Amino acid sequence: MSSEVIKQVTEAEQSGQMRKAEAVAAAKRTVVEAERDGQALLAESSLRAETQAKEMMAQAEEEAKKHANRVMTETKNTCKSLQTSAEGRMSQAVALIVRRVVNA
């Protein structure tokens, strides 16, 4: 073989090795970038989910307060109605007790 051919083969081998090394380095950079982007997306999604959960909890608490207020109002109205009904029968109860005591 001539030295010229050997030189060309050597250069071709070195060029191939350099391209391979560059491709490996580019692949590693791509993996690192993909992992970084994935972590950023995961963090953003997590933050968004946490914010949404807090909003849902606040809304649920507000609805629970409204429901509790409605139940409390209904209960107070029922109590007033029962009290009014009982007060209306108070004079009858007193008269019945007096009759039983007097007739006893």
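Student: Is Lys54 buried, partly exposed or exposed, and what is its relative accessible area?

Tutor: Buried means under 20% relative accessible area, exposed over 50%, and partly exposed in between, with a 1.4 Å probe and protein chains only. Lys54 has a relative accessible area of 55%, so Lys54 is exposed. Please note that this is a predicted model, in which local features need pLDDT of at least 70 and side-chain atom pairs count only at pLDDT 80 or more, while totals for chains, interfaces and linings use all residues. Residues are numbered from 1 along each chain as its sequence is written, and side-chain values use heavy atoms, with hydrogens and water left out.

Student: With which residue does Lys54 form a salt bridge?

Tutor: In general, side chains of opposite charge can pair when their charged atoms come close. The criterion is a side-chain nitrogen of Lys or Arg within 4 Å of a carboxyl oxygen of Asp or Glu. Lys54 pairs with Glu50, and the closest N and O atoms are 3.5 Å apart. Glu50 is partly exposed, at 43%. Because the two residues lie 4 residues apart in helix α1, about one helical turn separates Lys54 and Glu50.

Student: How many salt bridges are there by this rule?

Tutor: The count is 3. Another one joins Glu44 to Arg48, with the closest N and O atoms 2.9 Å apart. Glu44 and Arg48 are also 4 residues apart in helix α1, which means a separation of about one helical turn. Glu44 has a relative accessible area of 46% and Arg48 one of 48%, so both are partly exposed. Asp37 forms a salt bridge with Arg36, at 3.9 Å between the closest N and O atoms.

Student: How many helices and strands does the protein chain have?

Tutor: Helices (H or I, at least four residues) and strands (E, at least two) are DSSP runs, numbered from the N terminus. The protein chain has 1 helix and 0 strands. Helix α1 comprises residues 3–103 and includes Ser91.

Student: How does the radius of gyration of the protein chain stand against that of a compact globule?

Tutor: The radius is taken over C-alpha atoms, and the globule rule is 2.2 Å times the number of residues to the power 0.38. For 104 residues, a compact globule would have a value near 13 Å, whereas the protein chain has 44 Å. The C-alpha atoms fill a box of roughly 145 × 25 × 10 Å along the principal axes. Of the 104 residues, 0% count as buried.
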